[in-house]
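Open the model in your viewer and keep the selection tool ready. The tour below says what to select and what is there.

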Amino acid sequence: MADQFKAAIDPQALLREQVRWRWIETIFWLAVLLPFWVTPTYLVLCSQIAIAALFALSLDLIVGYSGLVSLGHAAFFGVGAYAAGLLAKHGWGEPISGLAVAALAATVVGYLTSFIIVRIGQFALIMVTTGLGLLLFELANSAHDITGGDDGLQGIRMWPVFNYFRFDLYGYTAYAYSLAVLFVCFLVLRRLINSPFGLSLRGIRENPRRMPAIGAPSRSHIRKIYVISAAVAGLAGGLSAQTTAFVALDALSFQRSAEVLVMLILGGAGRLYGGLIGATIFIVARDQLAGMNPQYWYFWLGLLLIAVIIFLPNGILGGVAQLLSRKGRSS
Amino acid sequence: MFARHVSLIFDGFAYGMLLFVLSVGLSVTLGMMNFVNLAHGSFAMVGGYVTVTLMRNAGWPFFATLPVAFLAAAAMSVVVERLLYRRLYRATELDQSLLTIGIVFVSIAVAAYLFGTIQQPVELPQYLRSRITIGDFSFGVYRLFIIIAALLITALLVLGLDYTRFGAQIRACVDNQRMARGLGLNVDRIFMLTFAIGSGFAGLGGALAIEMVGIDPNFALKYLVFMLIVVAVGGLASIRGAFFTAAALGIIDILSKYHWPKSGAFILYFVMVALLVWRPNGIFARR
C-alpha cells in the first residue's frame, strides 16, 4: 500500500514499479513452452495462436493504450503477409530478412495513413479505418497477377531459419520461430508502454482534450504509436505467410480485422497480456467449435462477444483483476 | 452508348434508393443516441426473410408482406433495444460496435440455420418484372417502383420530421439530448419509437432488396458497409444527406462496375475515404 502511495506522487517510481518483472509472468512464458512436450501434435495450431497473439498485441497499442478504434487493422497484417510472401516467392526465402521487409512494408502503409488517422474523430475513424482496409482488400483482389487474387499467393519457398532449422510438417520450427518473435516484440513493447511515452498515450486515452492542453504533442504521439502498431501487425502477417507458405486474400478481410478486435476485447484491452490470452482462447475455441460444425461457429462467437461486453466489460483479465482486488479488500 | 448510360444511371439511382431505405433509420438513431448500431443490417435481414417466408409458405402476395416485414423488424429491434442496447448507451463506441457485431454474427448463423446459406429468390407478380421501353430507353418496372417508394418515404420522413410534433421532439433529442430531457421530454420513449421506425424501414428495405440484390445470411454484413457509408458521408441525422449520398453511391457503384469491372468496389471505397478525410462529420453535417 505504501509503495502504491509513493508511486502515485513520483512518476519515475510508478514506471519502475510497472516495469518490474513479476513471477506470474515468468510462469506464463514458461507455460507457453509446454506444447513442445505436452501436445506436440498441436504445434501448428500453437504457432497460429502465437501469430494471432502478436497481431492482437499490435492492436492493443492503439485500441487499449491510445483509445483509438480501428476496424481495419488487417490491412497491415495483410500487407506484411504479402510482402514476406512475395519476397520468398521471387527467390529470397531467408526468414529473418523477410520479416524485416514485412515490417517495413506495413510501416510505410501505416506512416502514410497515419496522417489521416490523427485528423478525424471517433465515428469517422471507425469508418475510415474500415474503408482503408476494404480499399487494400479490393486492390489485392484486382491485382490478380501479383497476389493471386482469390486463389491466394502460392509457391512460397522458405529457407531454413538461421540456415539450420527447416520448417517441418509438425510445426516445431514454426512454433519456436513464431514464439521467439512474439517474445522479443513483447519485451520491446512492454518497455515502450512503461516509458514516459507510454504514459502520455494512456493520458490521451483517458482525456484526449486535456493532454494537448498540458502541452503533450498528442497528434505526433498517436502517429508514432500507430506506425509502431502497423509495423508489429506487419511482422505478424509476415510470420503467418512464412510459417504456412501461403497467403490467402482473407488476410486483408474485414472479418480478420473484426476477429483480432474480438480477441483483444475478450482477453482485456490495455493490459498487454489481454491480447495473448484472448488469442489463445479464441483460436482454441474456434478449433474445437468449428470442428463440430464450421457453419455455426459464428453463432458462438457472437454469443461470446455479447456476453463479454455485457458481463465482463474489461475482458477476462479485467474480470480476474477485479475479483482479486475485491478479495484483497475483504480479507 | 447514350441510351446505355441513361439506363445505367437509372439502375444506379434505383440501387441508391434501395440503400437509402435500408440506411435512413440508422442515420437518425445514430445521430440521436450516438449509439453505433452495426446490427442495423440484421434488422433489414429480418424483414427480407419475413417476406420470403410469407410468400413461399403462406402464399401471400408480395405487397401484403411489406407491412409485415416493416412491423417484424421494428418489433425485433425493440426487443433487442430493451434487452441489450439500453445497458450500453453510456459505454464507449468500441463496446457498442463489438456488442452489435456480436448480434450480426449471431443473426448470420441463425439465418443460415433456418434458411440455408444460398440466396432465397421470390416469385414477383408478372407486371413488376416487365420492362417499359420508351424509344431507345428501357427501364425495369420494379426499379421504377423502388424509386417511387423511396421518394414517398423521403417525403414522408422530411415532412414528418419538419412539421409534426413528434418530429420536433426527435429533432430536439438529436440537437441536444440533455436539454430535451431537462425540458421534460421522455427521451427514452422517443428514442425507442424512433429506433423501431428506423429498423422498420430497414426491414422494408430488406424485403425490397430480395428481387434486386438477393438475400442470404451474409446480407447483414455485406450491406452494413454501404449503410455506414451512407450515414458517415451523409452526416448523422440528416435525411437529405442520406438521400443524396445513397443516390450517388448507387450510381457510382453501378457505373464503376460497368466501366472498370476488375477494380471492383475500389473506386467506391476510395471516394468514401477521400470524402471522410475532407469532411469528417459528413458532407451534409448539421453539427
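Start with B:Arg131, which stands opposite B:Gly140 in strand β2 of chain B. This is a predicted model.

Next, select residues 131–134 of chain B, which are strand β1, and residues 137–140 of chain B, which are strand β2. The strands run antiparallel, and four bridges join them. Together β1(B) and β2(B) form a hairpin, with two residues between them. Click on B:Gly135 in the turn: its phi is positive, about 60°.

Now turn to the contact between the chains. Chain A gives 36 residues to the contact and chain B gives 35 residues. On chain A, select α8 (122–142), α14 (254–267) and α16 (297–311); each supplies at least two residues of the side that touches chain B. Which helix gives the largest share of that side? It is α8(A), with 15 residues. Colour the side of chain A that touches chain B by residue type: 26 of its residues are nonpolar, eight are polar and two are charged.

Go back to chain B and select residues 93–115, helix α4, where B:Leu99 lies. Is B:Leu99 buried or exposed? B:Leu99 is buried, because 27 other C-beta atoms lie within 10 Å, and the cut-off for buried is 20 or more.

Show the contacts of B:Leu99, leaving out residues up to four places away in sequence. In chain A, B:Leu99 touches A:Leu305, A:Ile306 and A:Ile309. In chain B, B:Leu99 touches B:Leu84 and B:Leu88.

Last, select B:Asn37 together with B:Leu99. The two are 62 residues apart in sequence, and their C-alpha atoms are 8.8 Å apart in space.

Conventions. Residues are numbered from 1 along each chain as its sequence is written. Chains are lettered from A and ligands numbered from 1 in the order in which they are written. This is a predicted model: local features need pLDDT of at least 70, side-chain atom pairs count only at pLDDT 80 or more; totals for chains, interfaces and linings use all residues. Two strands pair if DSSP finds at least two bridges between them. Two residues are in contact if their C-beta atoms, placed from the backbone, lie within 7 Å. Ala, Val, Leu, Ile, Met, Phe, Trp, Tyr, Cys and Pro count as nonpolar, Asp, Glu, Lys and Arg as charged, and the others, Gly among them, as polar. A residue is buried if 20 or more other C-beta atoms lie within 10 Å of its own, exposed if 12 or fewer, and partly exposed in between; C-beta atoms are placed from the backbone.
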